[in-house]
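Have the structure open while you go through them.

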Amino acid sequence: MTGGPHSTRTTCPYCGVGCGVKAMPDGDGGAAIAGDEAHPANFGRLCSKGSALGETLSLEGRLLHPMMRGDDGVLGRVSWDAALDRVAEGFFRAIAEHGPDSVAFYLSGQLLTEDYYAPNKLMKGFIGSANVDTNSRLCMASSVAGHRRAFGADIVPGAYEDLDEADLLVLVGSNAAWCHPILYQRMQTARERGALIVNVDVRRTATSEGADIDLTIAPGSDAALFSGLLVHLADHGLIDRAFVDERTSGFEAALAQARLIAPNIAAVAAATACAPETIAHVFDLWARSARVVTLYSQGVNQSAQGTDKVNAILNCHLATGRIGLPGAGPFSLTGQPNAMGGREVGGLANQLAAHMAFDTASIDRVRRFWNAPAMATREGLKAVDLFDAVADGRIKALWVMGTNPAVSMPRADAVRAALQRLDLLVVSDNLIATDTTQSGAHVLLPAAAWGEKDGTVTNSERRISRQRAFLPLPGEVRPDWWAVAQVARRLGHGEAFAWRGPADIFREHAALSAFENDGTRDFDIGGLAAIDDAAYDALEPVQWPVRSGQPGGTARLFGDGGRFFHADGKARFVPVAAPALAAATDAAFPLILVTGRIRDQWHTMTRTGKSARLGSHLPEPFLDVHPIDALRLGLSERGFARVESAHGGATLRVRITAQQEPGLVFAPIHWSGQTSVGGRIGAAVQGFADPVSGQPEMKATPVAVHPVSFVTQGFALTRALPRLERCGFLAHATVKGGTLTTFASDASHDALLAMLAPLFGGAAPTMDYSDPARGLRRLAWLDGERIEALLFLGPGGTAPDWNAAAAAFATGEIAPAARALLLSGKPVDGIADSGPTICACFGIGRGAIEAAIAGGCGTVAAIGAALKAGTNCGSCVPELKKLIAQAGGAAEGTPARVAADAA
Ligand code: SF4
């Protein structure tokens with residue numbers, strides 16, 4: 001379906017907000033991007049990542065044809081037939097020799113629902129194993145488990161509209177300002193009409209800037225906080241007795257357990273390390289706000305007690321009957337664009353299909369529906385266990401689709417090593433070079449990318465949207481579902497996988513969801529099972545359930561007296577365990593490592609890493625450290641630190657900030673072996689998993705941190721990607737006109753220069769400035785007036801500032817009169833050095849914003865009027881507020897102001 005002349009309405013491929021996008025192809029492989037005003041997730045708005053989608057469409061680095069490792073160990077181009085034969089033969093042999101549990105799929109929340117459906121069906125119905133898991137295990141498996149325990153089904157009861165209706169929004173473990181920006185802006189709109197926002201986290205983040213109360217709690221204490229809230233509600237007569245008696249069971253046991261964990265405010269304060277008055281104030285707000293939405297994401301889920309944390313939150317909503325009502329309910333914010341769709345098809349190893357579990361009746365039902373010859377009869381291996389099984393040889397053949405476990409899994413070094421032990425590693429991906437494709441893959445299959453794929457995704461509010469293709473499939477790229485169907489055919493199951501296109505798969509998926517359902521199961525899109533291809537193409541965003549006869553879908557569940565999905569129709573309170581971290585700090589590993597996302601990058605940067613405006617915000621992997629810890633550890637601002645856990649380590653740029661709590665350090669998850677040296681923080685993350693959900697703890701790894709020094713620091717600005725070796729720290733970022741590479745090394749200046757030389761065919765630099773006394777060397781390669789490359793080298797203790805040079809590099813050419821300034825590190829005439837990019841949409845740097853503030857712009861609106869910063873997607877507004885506050889201005893809506901109001 002088009003969204004106007006020459007435009008296609010589709011859905012953003014990044015976070016779980018699921019924003020509608022209009023793509024207007026330029027006929028040359030690119031497209032202009034705009035928000036879809038008609039999409040109810042975003043009403044036309046896009047964040048910085050969504051706005052930059054058009055910059056990520058290039059075919060550079062793409063895997064455009066199948067490749068296979070030959071006897072010489074080298075990957076070479078092969079035909080699809082040869083590659084698929086190899087995959088089928090490898091799976092067949094492993095199954096024949098070692099049984100069906102010796103093979104596995106590892107999938108991704110990036111996959112479309114139709115692509116997800118195919119491997120799940122093959123593995124669970126035709127191979128006879130349930131070894132299908134997904135990177136969504138790292139994202140929201142604890143929410144799935146919590147929902148199933150409480151509601152009897154994996155249901156997010158509410159809708160985004162609830163944010164518009166609520167009086168109180170409580171964010172728990174969610175840096176929504178950076179990770180769900182469009183929803184965060186919706187929350188800010190709610191705040192403007194009087195709603196209050198409480199932000200519960202273990203550190204201050206951009207989300208704090210728009211919160212009324214910032215509750216910084218001790219790691220792992222979320223369950224104590226919400227257990228204390230349950231006790232508080234009970235002790236103040238705020239339990240909805242009618243709801244609890246008629247619609248739930250288990251309240252008394254859950255309350256009794258909560259009293260053991262957090263009997264009073266003092267106990268909660270002690271557990272969370274918060275002031276008792278602040279806890280009391282937050283409890284009072286929650287208690288007297290009938291319309292309260294509690295939103296949670298990875299800070300809750302990525303925990304060895306994630307499921308209990310979720311249930312501690314759900315217990316409070318069930319106790320007050322605040323669920324499924326306009327403006328009231330618990331709300332899991334999913335991280336990925338199709339985490340929900342993956343759950344719907346059974347992409348998790350502990351789900352069968354269409355939200356059915358591995359009970360006898362469901363196994364038989366799915367077997368009959370699929371006419372399956374080899375049904376899996378028990379749960380498969382969840383992600384952490386699955387890669388352990390790869391490591392110890394139980395898994396012989398693994399097919400990875402659309403994800404990069406060699407970077408993103410905990411103990412990433414061990415995972416990378418394990419992959420190399422497989423008899424067969426198949427990777428379906430967009431790119432040739434990822435850490436996973438380079439971990440000994442035997443077969444690479446070229447997968448369709450965003451803009452080429454065609455299917456559906458489901459966002460955090462259960463809304464199914466079409467992700468439509470607006471570009472042709474390049475090279476020999478094919479959809480993932482097609483590749484799976486071809487392998488299924490080679491394994492003798494062609495009839496069951498004879499789909500003509502994604503619409504066929506969607507109809508089958510919808511029919512399965514409704515098969516023998518009759519309202520007994522939550523996931524039912526039977527109302528869409530008979531749509532024809534044209535209706536599938538034109539499908540408007542709709543929230544499931546979409547039961548037969550209810551084509552408009554369902555905005556909310558459980559609020560209208562509707563049954564929960566346990567057999568008795570009641571919800572369950574769940575007694576939660578006393579909080580405890582999976583691993584304690586000790587003398588060897590005295591700090592706690594928290595990992596997370598940054599504003600302008602997505603996962604392992606395979607797409608966002610192509611955008612210059614996204615690359616300029618935070619171009620290096622970093623470690624945030626509190627000033628007290630920095631002093632104690634001997635770390636300096638913009639120096640380097642080695643983070644080591646019992647599993648591995650990373651070398652990162654140091655940022656000293658009071659946003660961080662003492663004893664905690666933070667590092668982003670995005671850098672890989674392709675974009676950095678030493679930046680893969682997953683190598684350090686421990687692999688403890690929640691015993692219920694199997695989701696690994698990624699927010700509390702005990703680590704040691706040491707300062708690292710190098711002889712030389714520098715940066716290179718080049719038109720092509722340079723290969724610099726012998727660097728202890730290195731990061732590549734796309735900037736306007738080429739690549740920025742920042743690095744630190746113990747190699748000599750001449751050695752570093754020699755490593756760069758191949759980029760210029762060994763040509764000598766056009767300009768060569770050196771100051772031996774200060775340890776400086778700066779070089780430029782020019783072709784006439786065109787700047788080909790710049791290389792700045794300096795002493796190890798000082799990081800040369802790249803912003804002015806990058807501004808000159810971006811212009812491409814340098815007038816002869818300005819050449820003298822080119823190597824000065826100062827702005828070249830007429831090109832302002834505006835510092836690191838803050839507003840990605842308009843490329844406004846920190847320097848320009850600070851100058852505007854100094855010139856009298858004391859509000860975000862004033863900065864917007866002067867510079868346009870913050871006036872498009874709004875993703876940078878929290879940072880604008882922070883800069884205003886740092887300059888001593890009264891940033892609107894800071895926690896301090898509202899806390900004072902509240903007092
Ligand atoms: Fe995409 Fe941003 Fe919307 Fe998330 S909030 S779906 S990243 S545009």
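This is a predicted model: local features need pLDDT of at least 70, side-chain atom pairs count only at pLDDT 80 or more; totals for chains, interfaces and linings use all residues.

1. Start with the helix pair. Helix α17 spans residues 383–391 and helix α19 spans residues 412–419; the two pack with their axes 8 Å apart, at an angle of about 50 degrees. Angles that are not roughly parallel, antiparallel or perpendicular count as oblique, and α17 and α19 are therefore oblique to each other. Their crossing is left-handed.

2. Which residues in α17 and α19 meet? On the α17 side you'll find F387, V390 and A391, and on the α19 side V415, A418 and L419. By type, the contact divides into six nonpolar residues, with no polar and no charged ones.

3. Now turn to R607, which sits in the loop between β21 (591–596) and α23 (612–615). Is R607 buried or exposed? Its relative accessible area is 14%; the cut-off for buried is under 20%, so R607 counts as buried.

4. Who surrounds R607? Setting aside neighbours within four places in sequence, R607 is in contact with P13, Y14, L53, T56, L57, A449 and W450. Take P13 from that list: R607 and P13 are 594 residues apart in sequence, yet their C-alpha atoms are 9.8 Å apart in space.

5. The R607 side chain makes a polar contact with the side chain of T56, at 2.8 Å.

Notes:
Residues are numbered from 1 along each chain as its sequence is written. Side-chain values use heavy atoms; hydrogens and water are left out. Axes are lines fitted to C-alpha atoms, for helices over the stretch in contact, and angles run from 0 to 180 degrees between N-to-C directions. Helices (H or I, at least four residues) and strands (E, at least two) are DSSP runs, numbered from the N terminus. Angles under 35 degrees count as roughly parallel, over 145 as roughly antiparallel, 65 to 115 as roughly perpendicular and the rest as oblique. A crossing is left-handed if the near helix is turned anticlockwise from the far one by less than a right angle, and right-handed if clockwise. Contact means heavy atoms within 4.5 Å. Ala, Val, Leu, Ile, Met, Phe, Trp, Tyr, Cys and Pro count as nonpolar, Asp, Glu, Lys and Arg as charged, and the others, Gly among them, as polar. Buried means under 20% relative accessible area, exposed over 50%, partly exposed in between (1.4 Å probe, protein chains only). A polar contact is a pair of N or O atoms within 3.5 Å; within protein, one must be able to donate a hydrogen and the other to accept it, and residues adjacent in sequence count only if both atoms are side-chain atoms.
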